[in-house]
Amino acid sequence: KVAYGGQGGLGDVVLSPDFTNDGFVYLSFAEAGEGDTSGAAVARAKMVTAADGSASLKDMQVIWRQEPKVSGKGHYGHRIAFGPDGMMYISSGERQKFDPAQDLEQNLGKIVRLTPTGGIPSDNPMYDQGRIKAQIWSYGHRNPLGLAFDSAGNLWNSEMGPKGGDELNLVKRSANYGYPKVSNGDHYDGRDIPDHSPEDGFVPPKVFWTPVISPSSLMIYTGDLFPAWQNSAFIGALSGQALVRVKLDGENAEKADNWAMEGRIREVEQGPDGAIWVLEDGARGSKGRLLKLTPAK
Ligand SMILES: [Ca+2]
Ligand SMILES: [Ca+2]
């Protein structure tokens with residue numbers, strides 16, 4: 001049952017890397033807890049196609065949860081990406097509670113790394129340090145709504161900063177991305193957060209945005225329809241009402257394009273033919289369209 005409200009609801013939908021053979025579909029969603037609490041969860045189910053072509057999801061099983069479940073209905077994160085190592089990475093937001101992003105006894109404000117069945121890989125950095133710590137791949141994240149691997153196998157995440165300081169990060173094993181101890185933004189109530197600076201012990205973003213664009217999603221392009229954009233990161237912008245392109249070059253990133261759109265952009269994906277699919281947010285006056293972008297004739 002989905003806990004719908006605020007920023008909570010259905011999150012991501014991702015197919016198993018071996019979907020053709022195993023038929024597994026992965027879904028993330030907000031799940032209610034005791035009292036007025038909730039937390040992100042990831043489930044997987046098997047897609048079964050009947051003789052008449054109709055399909056259904058069978059044997060849905062929750063394989064990961066945010067712990068603890070907390071009050072409020074924001075910053076779930078819960079994007080899913082499979083790596084070239086066959087492992088499942090999940091971005092977990094800090095639920096607007098700040099300090100959990102630095103607390104290794106909670107899995108909020110983290111990127112976690114799990115096996116495709118939700119188990120813990122024995123080569124995780126804190127594998128032998130308890131059930132929650134064992135899940136953690138990186139930490140110090142705020143509201144990470146974008147998670148994607150590039151073709152070289154690097155993991156990137158985009159996340160919403162507070163007042164300023166939206167980030168695109170190159171995600172490394174065991175790295176601490178700083179929130180809420182450092183951020184190129186500041187708290188909404190005006191309190192200062194020190195900016196990222198060299199030798200502060202935190203990994204700075206490769207690219208950041210102030211004023212914010214509110215990155216909703218991240219896709220790294222590998223298609224043939226737009227050859228000049230191969231290995232570019234595409235980010236949907238909510239408050240920015242734009243499709244944003246960032247050029248990636250190995251471990252470096254550089255802002256490239258910011259195309260104004262007609263509404264808040266909720267999601268961006270690449271289709272099998274290399275077209276770019278963009279989903280508008282239905283709220284606040286936009287048309288809620290699904291757009292397919294192809295090169296001009
Ligand atoms: Ca940061
Ligand atoms: Ca700051």
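Two strands are taken to pair if DSSP finds at least two bridges between them. Strands themselves are DSSP runs (E, at least two residues), numbered from the N terminus. The model is predicted, so local features need pLDDT of at least 70, side-chain atom pairs count only at pLDDT 80 or more, and totals for chains, interfaces and linings use all residues. Residues are numbered from 1 along each chain as its sequence is written, chains are lettered from A and ligands numbered from 1 in the order in which they are written, and side-chain values use heavy atoms, with hydrogens and water left out.

By the pairing criterion, strand S2 (residues 24-32) and strand S3 (residues 38-49) run antiparallel and are joined by nine bridges. Leu-27 has Ala-43 in S3 as its bridge partner. An open sheet of four strands, in the order S1-S2-S3-S4, shows antiparallel pairing. Strand S1 (10-15) and strand S4 (55-65) stand at its edges; each has a single partner strand, so one side of each lacks a neighbour in the sheet. On average, neighbouring strands of this sheet are turned by 25 degrees against each other, direction ignored. The axes behind this angle are lines fitted to C-alpha atoms, and angles run from 0 to 180 degrees between N-to-C directions.

Two calcium ions were examined next. Donors are N, O and S atoms within 2.8 Å of the metal (3.2 Å for Na, K and Ca); water is not among the atoms, so sites may look incomplete. Ligand 2, a calcium ion, is coordinated by Ser-183 (O), Gly-185 (O), Asp-186 (OD), Ile-193 (O) and Asp-195 (OD), at 2.2 to 2.7 Å. The sequence spacing of these donor residues is S-x1-G-D-x6-I-x1-D. Ser-183 and Asp-195 both lie in the loop between strand S11 (166-171) and strand S12 (207-209), so the pair ties together parts twelve residues apart in sequence. Accessibility is classed as buried (under 20% relative accessible area), exposed (over 50%) or partly exposed (in between), with a 1.4 Å probe and protein chains only. Ser-183 is buried because its relative accessibility is 3%. Asp-195, at 44%, counts as partly exposed.

Tyr-177 and His-196, both in the loop between S11 and S12, are 19 residues apart. Tyr-177 is buried at 0% relative accessibility. His-196 is also buried, at 12%.

Pockets were located on a 1 Å grid over the protein atoms alone, as open sets with protein on both sides within 12 Å along at least five of seven lines; lining residues have an atom within 4 Å of a point. The largest pocket has a volume of about 1,200 Å³. Of its 43 lining residues, Gln-7, Leu-10, Leu-238, Arg-266 and Asp-281 are the closest to its centre. Strand S17 (265-270) supplies the largest share of this lining, five residues.

The second largest pocket holds about 760 Å³ of space. It is lined by 26 residues, with Val-14, Ile-80, Ala-81, Phe-82 and Glu-269 nearest its centre. Elements giving two or more residues to this lining are S1, S5, S9, strand S13 (215-220) and S17. S9 gives the largest share, five residues.

Notes. On a 1 Å grid over the protein atoms alone, a cavity is a set of points where a 1.4 Å probe fits but cannot get out, and a pocket is an open set with protein on both sides within 12 Å along at least five of seven lines; lining residues have an atom within 4 Å of a point. Grid points are joined across faces, edges and corners, and a volume is the space filled by probe spheres set on the points.
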